[in-house]
Amino acid sequence: MIPASIDLVPSPEALAHSQRLVGRIGVAIDAGGGWLPFDRFMAMALYEPGLGYYTGGSTKFGAAGDFVTAPELSPLFGRTLAREIAAVLRQTGGDVLELGPGTGRLALQILTALDALDCLPDRYRLLDVSGELRERQSRLLWDGVPHLASRIEWLDALPETLRGVVLGNEVLDAIPVHLIAWRD
């Protein structure tokens with residue numbers, strides 16, 4: 001049941017924003033001769049500069065946004081993951097690579113807990129294609145763990161190699177994928 005306080009009708013500004021994105025996707029379909037691969041459609045819908053869901057500026061996370069993830073509710077999830085990450089890092093050394101780090105709160109919780117466990121990674125690497133979210137992440141991390149700033153690194157693409165831990169929380173549904181159908 002949807003609470004009565006939630007307005008299901010988008011504002012005129014939100015509708016105009018959506019129409020600009022629809023127009024941009026339409027141009028891409030036309031340019032492709034009436035065809036746009038699913039991964040490209042998904043990338044545009046989510047990450048088109050200034051218009052996509054994650055790059056368009058609207059609030060996504062928290063009570064004022066569209067959804068809430070575990071790290072936004074409590075530090076317990078991050079602390080629990082940090083214990084498992086520490087066990088892996090003690091065996092492998094290396095880095096932590098977090099895919100789609102959202103607000104950066106999980107990274108903050110994990111780094112804080114790993115610091116307390118005396119088991120910091122060589123680098124904590126964050127892969128996020130949203131400039132807006134990267135800015136939020138950097139503010140949160142620089143304010144929360146400034147003494148670890150030299151270990152934090154943002155990536156634009158997956159690294160060629162990695163030793164350590166790959167972490168993805170609430171991100172698989174936000175990765176553009178190829179849609180394949182087998183028939184006969």
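Reply: Let's begin with a term: a crossing of two helices is right-handed if the near helix is turned clockwise from the far one by less than a right angle, and left-handed if anticlockwise. Keep in mind that this is a predicted model.

Two packed helices are described by the angle between their axes and the distance between the axes. Here, helix H1 covers residues 12-31 and helix H2 covers residues 38-47; they pack at an angle of about 155 degrees, and their axes are 10 Å apart. Angles over 145 degrees count as roughly antiparallel, so H1 is roughly antiparallel to H2. As for the term we started with, the crossing of H1 and H2 is right-handed.

Which residues make the contact? On the H1 side they are Leu21, Arg24, Ile25 and Ala28, and they meet Phe41, Met44 and Ala45 in H2. Sorted by class, this contact has six nonpolar residues, one charged residue and no polar ones.

Side chains of opposite charge can pair when their charged atoms come close. Glutamate 48 sits in the loop between H2 and helix H3 (70-73), while arginine 24 is in helix H1, so this pair ties together parts that are 24 residues apart in sequence. Are the two partners buried or exposed? Glutamate 48 is buried, at a relative accessible area of 10%, whereas arginine 24 counts as partly exposed at 38%.

Arginine 105 belongs to helix H5 (residues 105-116) and glutamate 72 to helix H3, so the pair ties together parts 33 residues apart in sequence. Both count as partly exposed: arginine 105 has 31% relative accessibility, and glutamate 72 has a relative accessible area of 26%.

Another salt bridge brings together arginine 125 and aspartate 95, at 3.6 Å from N to O. This pair links distant parts of the chain, with arginine 125 in strand E2 (residues 124-127) and aspartate 95 in strand E1 (residues 95-99), 30 residues apart. Arginine 125 is buried, with a relative accessible area of 8%, and aspartate 95 is buried too, at 5%. Finally, salt bridges that share partners join Asp95, Arg123, Arg125 and Glu153 into one network.

How values were computed:
Residues numbered from 1 in each chain as written. Predicted model: local features only at pLDDT ≥ 70, side-chain atom pairs only at ≥ 80, totals over all residues. Heavy atoms only, no water. Axes fitted to C-alpha atoms, helices over the stretch in contact; angles between N-to-C directions. Helix = DSSP H or I, 4+ residues; strand = E, 2+ residues; numbered from the N terminus. Parallel < 35°, antiparallel > 145°, perpendicular 65-115°, else oblique. Contact = heavy atoms within 4.5 Å. Nonpolar A, V, L, I, M, F, W, Y, C, P; charged D, E, K, R; others polar. Buried < 20%, exposed > 50% of the residue type's maximum accessible area, 1.4 Å probe, protein only. Salt bridge = Lys/Arg side-chain N within 4 Å of Asp/Glu carboxyl O.
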